[in-house]
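Please have a look at the structure first.

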Amino acid sequence: MKNFWIFPALFSLTLVVFCLTKFHWLAFLVALFCFVRLLFAGSRTIFLWSFLIGSITICFSLSISWQNQTTINDKKTNFLLDINPNTIKVDGEQLQFYGKIVGKDEMIVGFYRLKSEEEQRFWKKQQSYLIVKVDGELTQPENNRNFAQFNYRQFLEQKKCHWLLTVTDFKQVKPYSTSFWQPLKKVVELRQMLLKYIAKVPSEKVSSYIVALLFGGGNELQEETRNHFAKLGLVHLLSISGFHIHYLISMFRWILLRLSLSQELVSELLLVVLPIYGGLAGWQTGVFRAVLMSWLLLFARRYQLPLSGLDALSFTLIIGLWINPYQIFSVGFQLSYLLTAVLLLTTKRIQERFKRPITKELVISFIMLIASMPILSYSFYEFSWIVIVTTFLFTPVFSYFLLPSLSIITICSLFIVNSQFFYWVVKFVEIGIDWLEFVIYKLNSVGSFMIIVGRPKLVFSSGLVISSILFICTLERRKLQKIGVISLIISFLLFSYGRRVEASGEVIILDVGQGDAILIKEAFGRGAYLIDTGGDLSFKKADWQVRQKKTTVAVMKLIPTLKAEGISTLKAVFISHGDADHMGALLELAQEIKIEKLIFPQGTEKKQLFKNSLKQLALKGIEFQPVLAGEVWQPSNYLYLKALYPSKRGKGENNDSLVLYGEIGGLRWLFTGDIEAEGEAELVKNYPNLQIDCLKVAHHGSKSSTSELFIQQLKPKIALISCGLNNRFNHPNPEILHRLKKQEVKLYRTDLEGAIHYRYYGNHIGTFTTILN
């Protein structure tokens, strides 16, 4: 029966999701629906096969889940590790690897700070499996500390890894040869040898594209390049997918047929070559799906077996779940299988409905975008609408230029890498890539094509899915097509703007480590305001030490959290003073989120770091407003802010911090920057009747601030401290904690509780919650 195996595959998938999400209620309802649907499918065969395969799948999943436990404790300090060379990553002065503990079936992630450029070169050239003896300290990965932030602990648990190892010393690094009876390891070594030859290509840019497009090494490309492709929705062209596999199969078949080999022999050779290529490409999720699905279709065609594309996808899904059920949490897995299924189910309908090739391609791109929106928005909080056009425009460039030329260079690099002809071929391709990147950069410079939607609510995601299915079903029925289009437009708008127009407002003390960043988000999308941005202390490094991958506070915490809240524009950013931990993320923030106005105390521009930032921000047309005490902002009846300090022009230091009094959500707030005891005394003197409900404790709880006189006059009921976990300054100071406790002040701390949320409705008093507790 055609498309028979989609039923066992979907039932197995729902059971795995139910199991690995720890029996979530929604997963239970979906699994129950699938079970009831199978009962009433009208086919006993479908029910029995689905039940059998689903039972096997759930047994595998439960077994793997129960075994996914750590057997070591954090007291252990020396380890003997087996390291796969594919997992070794060198980025500037940081070395990262995954190592399997010898004698145990457990992985740990190792990090090591390289001490010299020579040591960096040593690790970059490693191609064999390694046995290493190391000393180091174990720590547990962090949970997410802000709303919708990437959860590193869950990510590693899904890789059956429970510990981070900070390596202090390598006692022994010993390569070893794998045996003939370890074919998977042999393929890994072969991959490393091949990458070594590709590295000899006389153009680093060309070699990086070869590794990305042909061998699944997308991280080899410059981060800026990947970001520019992503903003145009083209990142899928930079990773191996069915598109790449189909091209490579077609090229391989064409070459072999020109050598007068029979169709049958070519098919049999492809059945052998495809799994080997999968190993050389690293068997990533997308590679596994594309290779195995293509292999099954080739096998069925060669031996005349009745297998549809949907059946091949179903078998691939089932086998993938048996091998590693945890891959369901991977965005790559979700997009790869979903978009392939949608393509298989809709292509015929689209071809019958639309006759012009351009129209067909644009409609397919549109449907792919709609299908991927819930996944992209849940994981990245945004999507690129222009992908509908850019996929159509740039796919031919990859099909007819990049993939053929890079394939030829790869083959030639094994034989004629030192010839002049090879050099000019590489240079020609490099010029082509330069032009491609130039066009990509120019398109991005026109403006942002990203729509920031935030972490979507379940009801809006469900509405988009249902309306998308309705739209596809009505393609064949012209009378109902208007209904499909209207429902899709309405659900699209609700999905895109639902997070922005919530009925509640929020004040969020973000967890940005050792720094400050406070978000005020008004209800119904009236506006969002940020007090300080957090930031990193920068130190001068040698060129070899500089990391390509950005891990700044802005990239890892601030920007993702703002996007998760659905914020695309900040009405104003208030900078309390010129220290890096309060404004260091400002420039990176302005690259991703529109800032209408920048407000800061007069004199802050004397601070060199802030002065440099102002020069670059001026090019973006941001309005600057230097202020002193007395300035008032009241954008609505539900938000009132007033500057209480400083009263005179300063130099951007701690005691020149902008102090804001606010009336938000039925409470009186005081945001104090890094003001110290001297400034607090002046503030008390100027405002002798000032009392508040919520105090943002100054200078992260430092001993130099939050004097007893200050607390006694303000009489706060709640104190908020923003500081880094186990920070080197030992903030907050125990004396300050004791002082607050003595005054019976309720205390919230980002280092212990993660981000602090205050949600309110209108002018009514709201509630406090924290991410970790």
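When I speak of helices and strands, I mean DSSP runs (H or I of at least four residues for helices, E of at least two for strands), numbered from the N terminus. This is a predicted model, in which local features need pLDDT of at least 70 and side-chain atom pairs count only at pLDDT 80 or more, while totals for chains, interfaces and linings use all residues. Residues are numbered from 1 along each chain as its sequence is written, and side-chain values use heavy atoms, with hydrogens and water left out.

Let me begin with the lining of the second largest pocket, to which α7 (204–215), α9 (242–258), α10 (263–280) and α15 (387–413) each contribute at least two residues. The largest share, 7 residues, comes from α9.

Now to the backbone. Most residues other than glycine have a negative phi, and most peptide bonds are trans. Here, however, a cis peptide bond links Tyr 645 to Pro 646, with omega about 5 degrees, and Pro 646 sits in the loop between β18 (639–645) and β19 (659–664). Another cis bond joins His 731 and Pro 732, where omega is about -5 degrees, and Pro 732 belongs to the loop between β22 (718–721) and α25 (734–742).

That loop between β22 and α25 also holds Asn 726, a residue other than glycine whose phi is positive, near 55 degrees. Asp 532, in the loop between β11 (528–531) and α19 (553–564), likewise has a positive phi, near 70 degrees.
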